[in-house]
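Below is a briefing on a single protein chain, written for reading beside the sequence and the coordinates.

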Amino acid sequence: MSDRLTIDSQLCFSLYSTSLAMTQFYKGLLEPLGLTYAQYIVMLVLWEQDGVTLTHIADKLDQQSGALTPVLKRIEALGLLQRNRNPENERELQVFLTRKGKAMRTKALEINQCVADACGLGESELTDLHKNIDDLRAQLKKYIAQ
């Protein structure tokens, strides 16, 4: 009988260590853009849909909006986005890309290709892996919500 409590047999550790490796790989790619990984994923949300609320970004990234505020401030200091209060609802913070932020999207496409190449998987394999990870996250969230 094998010991199920070894570190190498833990799915959680495989996911954790792979996430660390992926983030480290991105770090080198993002340095020339002056972005951290946390800033990059916020930019991804804004490249998908500009002019969204802080709440929308937080929901999309599965984060608390308070945790994102310092990240947004740093991105704003880089001149990549602007934060504005919604004139119709002062409690709502809207986030818009600047021209510089929009222009950075082209460079991000190059990063995306580098990551795909580094994974060493074909397009269909990457798609399947992505779907499996998304399905796993959704399944786990069912248990978290209980």
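**Briefing**

K131 is partly exposed, because its relative accessible area is 48%, where partly exposed lies between buried (under 20% relative accessible area) and exposed (over 50%), with a 1.4 Å probe and protein chains only. The model is a predicted one, in which local features need pLDDT of at least 70 and side-chain atom pairs count only at pLDDT 80 or more, while totals for chains, interfaces and linings use all residues. Residues are numbered from 1 along each chain as its sequence is written, and side-chain values use heavy atoms, with hydrogens and water left out.

**Salt bridges**

- Side chains of opposite charge can pair when their charged atoms come close.
- A search of the whole structure finds six salt bridges, each being a side-chain nitrogen of Lys or Arg within 4 Å of a carboxyl oxygen of Asp or Glu.
- K131 forms one of these with D135, and their closest N and O atoms are 2.6 Å apart; both residues lie in helix α6, four residues apart, which is about one turn of the helix.
- D135, with a relative accessible area of 38%, is partly exposed.
- E48 and K60 form another salt bridge, with 3.0 Å between the closest N and O atoms, and this pair links distant parts of the chain, since E48 is in helix α2 and K60 in helix α3 (residues 54-61), twelve residues apart.
- E48 counts as exposed at 56% relative accessibility, whereas K60 counts as partly exposed at 45%.
- The side chains of D50 and K102 also meet in a salt bridge, at 3.9 Å from N to O; D50 lies in the loop between α2 and β1 (52-53) and K102 in helix α5, so the pair ties together parts that are 52 residues apart in sequence.
- D50 counts as partly exposed at 30% relative accessibility, and K102 is partly exposed with a relative accessible area of 48%.

**Overall make-up**

- The protein chain has six helices and three strands, where helices (H or I, at least four residues) and strands (E, at least two) are DSSP runs numbered from the N terminus.
- Read from the N terminus on, the order of these elements is α-α-β-α-α-β-β-α-α.
- The C-alpha atoms fill a box of roughly 65 × 40 × 25 Å along the principal axes, and 24% of the 146 residues count as buried.

**The largest pocket**

- About 1,700 Å³ of space lies in the largest pocket, a pocket being an open set of points, on a 1 Å grid over the protein atoms alone, where a 1.4 Å probe fits and which has protein on both sides within 12 Å along at least five of seven lines.
- The pocket is lined by 35 residues, and the closest to its centre are M22, Y37, H130, I133 and R137; lining residues have an atom within 4 Å of a point.
- Two or more lining residues come from each of α1, α2 (37-48), α5 (99-119) and α6 (123-145), and α6 gives the most, with eleven residues.
- By class, the lining has 19 nonpolar, nine polar and seven charged residues.

**A nonpolar surface patch**

- I7, F13, Y16 and L20 form a nonpolar patch on the surface, with about 400 Å² of accessible area together; members of such a patch have over 30% relative accessible area and no salt bridge, and their nonpolar side chains are joined within 5 Å.
- I7 lies in the segment before α1 (11-30).

Note on methods:
Patches are made of residues with over 30% relative accessible area and no salt bridge: like charges are joined within 9 Å, nonpolar side chains (Val, Leu, Ile, Met, Phe, Trp, Tyr) within 5 Å. Accessible areas come from the Shrake-Rupley method with a 1.4 Å probe; for residues, only the protein chains shown count as cover. Grid points are joined across faces, edges and corners, and a volume is the space filled by probe spheres set on the points. Ala, Val, Leu, Ile, Met, Phe, Trp, Tyr, Cys and Pro count as nonpolar, Asp, Glu, Lys and Arg as charged, and the others, Gly among them, as polar.
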